[in-house]
Amino acid sequence: MRIIPSSSIKSIISLVGKQLPVTSRSSLANDTKRYRELIKHEASIGGQIFGPVPHGYTREFFCLDRYTWVWHEEWIDAEGRRQSRMTRYDVRPTGILKAQDGSGYKLVSKEEGRNLIDAAKKYQERVLKEVYNS
Amino acid sequence: MSLFESKDRILPPENYVSPEVRRLEAIYAAVDQISRLNEIYKEEELATVTQEITESPVTMQINPNGDDRITPVITLDTAREQVESAYNPI
C-alpha cells in the first residue's frame, strides 16, 4: 500500500480548501450573472407579447421558475414620479393565484387564467426563437 | 461534511448545467405546468354548460327581435362542441 506523505496531503488540502473554491465561486458568480441576463432578455421579449407598450412605460413579463410568472410595469405619472406595479402569478395544480405589489393572493378568473396560458405559450415560442435560437 | 464535500467544490463536468439549459428547462416545465390548467378550465366549463342546459332544456324560442321566426337555442351537444373548440382551436 502506498503511503501518501503528509506534505502531499497538506497540498491536497490547500488545493481543495483554497484554490479550487475560488475558481468555483467565480464561475458560479458568472453563471448567476448570465442566468439573470437571460431572464432580463426574456422579460423584454415577454413584455411585447401583449401589444404595443404605451410611451413612457416599461413592461416586462417572464417565467421566474416552473410555478411562477411575473408581470412588471414601470411608468412616470403625471407629476413626474416613477411608478411601478409588480404582479406575480403562482401556478397551482387547481388554479392560478395572483399577488399584486406584495398584497395577498387571490384566485384569478378563468378568463384571466386562459389569457395567461396563451401568453405563456407565446412567450415560450418567441423566447426559444429569439433568445435560444431553437 | 467531509474534506472533499466542500460546498464550494467544482462540479464534475458531467453534472454541469449551463444557465441557458437551466432556463430552457424552467420554461418548458412552466409552460407544461400552466397548460395543464387548460384541461381543468375546460372540464369546469363543460360541467357548467351541461348543468345550465340540463336545468333549462329549452330548444326553441321566439326570435328576440320581435318577428315571428323561431330561433333554435343552443343544444347540449352544440354547447359542448363550442367549449371543446374554444379550448382546442384548430
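This section describes the two chains of a predicted model, the interface between them and selected side-chain interactions.

Chain A contains two helices and five strands, arranged along the sequence in the pattern α-β-β-β-β-β-α. Of its 134 residues, 35% count as buried. Among contacts in chain A that link residues at least 6 apart in sequence, 21% join residues at least 24 apart.

Chain B comprises two helices and two strands, and its elements run α-β-β-α from the N terminus on. Buried residues account for 26% of the 90 residues in this chain. Chain B exposes about 6,400 Å², of which carbon and sulfur atoms supply 56%. For contacts in chain B between residues at least 6 apart in sequence, the fraction joining residues at least 24 apart is 42%.

The extent of an interface is often expressed as the accessible area lost when the parts come together. For chain B and chain A this buried area is about 3,100 Å², and carbon and sulfur atoms give 65% of it. On the chain B side, Arg23(B), Ile34(B) and Tyr41(B) lose the most area to chain A, together contributing 22% of what that side buries. In terms of contacts, 29 residues of chain B meet 39 residues of chain A.

Polar interactions also cross this interface. Three salt bridges are counted between chain B and chain A, and six residue pairs are in polar contact, with both residues at pLDDT 80 or more. The elements giving two or more residues to the side of chain B that touches chain A are α1 (19-55) and α2 (76-87) of chain B. Helix α1(B) gives the most, with 21 residues. By class, that side of chain B has 18 nonpolar, three polar and eight charged residues. A salt bridge links Glu44(B) to Lys110(A), with the closest N and O atoms 3.9 Å apart.

Two residues illustrate the local surroundings at the contact between the chains. Gln33(B) is located in helix α1 of chain B. Its relative accessibility is 10%, so Gln33(B) counts as buried under the 20% limit. When neighbours within four places in sequence are set aside, Gln33(B) is in contact with Arg66(A), Tyr67(A) and Val91(A). Tyr132(A) lies in the segment that follows α2 (110-130) of chain A and is likewise buried, with a relative accessible area of 12%. Not counting residues up to four places away in sequence, Tyr132(A) touches Leu38(A), Glu42(A) and Val127(A) in chain A, together with Glu20(B), Arg23(B), Leu24(B) and Ile27(B) in chain B. The C-alpha atoms of Tyr132(A) and Leu38(A) are separated by 9.5 Å, although these residues stand 94 residues apart along the chain. The side chain of Tyr132(A) additionally makes a polar contact of 2.5 Å with the side chain of Glu42(A).

Over all chains, the structure holds 17 salt bridges. In chain B, Lys42(B) takes part in two of the pairs described here. With Glu39(B), the closest N and O atoms of the bridge are 3.6 Å apart. Glu39(B) and Lys42(B) are three residues apart in helix α1 of chain B and are therefore separated by about one helical turn. Glu39(B) is partly exposed at 42% relative accessibility, whereas Lys42(B) is buried at 8%. The side chain of Lys42(B) also meets that of Glu84(B) in a salt bridge, at an N to O distance of 3.1 Å. Because Lys42(B) belongs to helix α1 and Glu84(B) to helix α2 of chain B, this pair ties together parts that are 42 residues apart in sequence. Glu84(B) itself is partly exposed, with a relative accessible area of 30%.

Within chain A, Asp90(A) forms a salt bridge with Arg92(A), the closest N and O atoms being 3.9 Å apart. In this pair, Asp90(A) is buried, with a relative accessible area of 9%, while Arg92(A) is partly exposed, with a value of 39%.

Terms used:
Residues numbered from 1 in each chain as written. Chains lettered and ligands numbered in written order. Predicted model: local features only at pLDDT ≥ 70, side-chain atom pairs only at ≥ 80, totals over all residues. Heavy atoms only, no water. Helix = DSSP H or I, 4+ residues; strand = E, 2+ residues; numbered from the N terminus. Buried < 20%, exposed > 50% of the residue type's maximum accessible area, 1.4 Å probe, protein only. Contact = heavy atoms within 4.5 Å. Areas by Shrake-Rupley, 256 points an atom, 1.4 Å probe, with all protein chains shown as cover. Buried area = accessible area lost by both parts, 1.4 Å probe. Salt bridge = Lys/Arg side-chain N within 4 Å of Asp/Glu carboxyl O. Polar contact = N/O pair within 3.5 Å; in protein donor to acceptor, adjacent residues only side chain to side chain. Nonpolar A, V, L, I, M, F, W, Y, C, P; charged D, E, K, R; others polar.
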